[in-house]
Amino acid sequence: MSTPRPFGRALCAMVTPFTAAGELDLAGARELAGHLVAEGCDGLVLNGTTGESPTTTDAEKTALVRAVCEEVGDRAQVVAGVGSADTRHTVALARAAEQAGAHGLLVVAPYYSRPPQEAVEAHFLRVADATGLPLMLYDIPGRTGTRIEPATMLRLAGHPRIVAVKDCAYDLLGSSTVIARTSLAYYSGCEELNLPLYAVGGAGFVSTVANAAPRRLRAVLDAYDAGACAESVRLNQLTLPLATSMMASGLPGTVTAKALLGALGLPAGPVREPLLPAGRETADGLLRTYGELAAA
């Protein structure tokens, strides 16, 4: 059975560029989006955690989606993050994203309130019924405090517009079970699981590291698809130092991604509080690790 890939294989969880004064930088967002697509991204996920969604306004979220959709046209899928802890707010964000031109929606499990599975399921169904766009569910219990249990996934897969999952649950058995029993497209949201999840039937990745190295990450999947499994493993191993520096350094991926993009001369700008920018030593280390990958 072929793996469904409703949004392509290589998706970038794009940062939201800001000006030096901390305002939304739409020109920078257009430039960065165009660059990422040219570098091999099939899709861009906007207004996720990497995009600093907790500190952007609803109006900024909508403006970002509209600008990026205008920039990339039909060259890439634009998936808009619309998740919140409030179902009514999530529905409103979903409708605004649809009107702004988004091709799909990323909807995280309701966070902090820790609703039971029945309520989690009802939340997703309400959002799925609110627009005509396909949904990617975001399962990241380490941040939300609530898992989307495999049994819940199996039920939600029956909705025609629930088509994908961004998987940060660290449960390959559970994910493999749902992949085997549904047509849901599973995208790795954890850099270290990009290749393992792909090997058991995953659709690809939604990556923060792809802000800096999209071609390198995509090459891992290309090699696997070509049947060159050993080469896929080798290429994956080459990306691990950068993934470690960006995602396991003790700093949020948004902070390290913006530091590295800035060092590379690409639009990023500052982070918004409560996040703080990476220090010079961290930025220099990221650039050094990136350079080693580029030269490998």
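## Strand β8

Strand β8 (residues 204-207) is covered on both faces. G204 and V206 lie on one side, F205 and S207 on the other, and all are buried. The model is a predicted one. In a regular strand, side chains alternate between the two faces of the sheet.

## Neighbours of β8

Strand β1 (residues 10-13) runs parallel to β8, and three bridges join them. Here A10 stands opposite F205.

Strand β7 (residues 185-188) also runs parallel to β8, through two bridges. Y187 has G204 of β8 as its bridge partner. Between β7 and β8 the chain passes through α8, and this β-α-β crossover is right-handed.

## The aromatic pair

A pair of aromatic rings is described by the distance of the centres and the angle of the planes. The structure holds one such pair. Its members are Y198 and Y224, 5.7 Å apart centre to centre. Their planes are 70° apart, and the pair counts as edge-to-face because that angle is over 60 degrees.

The pair links distant parts of the chain. Y198 belongs to helix α8 (residues 194-199) and Y224 to helix α9 (residues 214-225), 26 residues apart.

Y224 has a relative accessible area of 26%, so Y224 is partly exposed.

## A charge over a ring

R272 lies over the face of F18. The distance from the ring centre is 4.2 Å for R272.

Note on methods
Residues are numbered from 1 along each chain as its sequence is written. This is a predicted model: local features need pLDDT of at least 70, side-chain atom pairs count only at pLDDT 80 or more; totals for chains, interfaces and linings use all residues. Side-chain values use heavy atoms; hydrogens and water are left out. Rings of Phe, Tyr and Trp (its six-membered ring) pair if their centres lie within 6.5 Å; planes under 30 degrees apart count as stacked, over 60 as edge-to-face and the rest as tilted. Helices (H or I, at least four residues) and strands (E, at least two) are DSSP runs, numbered from the N terminus. Buried means under 20% relative accessible area, exposed over 50%, partly exposed in between (1.4 Å probe, protein chains only). A charge sits over a ring if NZ of Lys or CZ of Arg is within 6 Å of the ring centre and within 35 degrees of the ring normal. Two strands pair if DSSP finds at least two bridges between them. A crossover is right-handed if, with the strands pointing away from the viewer, the path from the first strand over the helix to the second runs clockwise.
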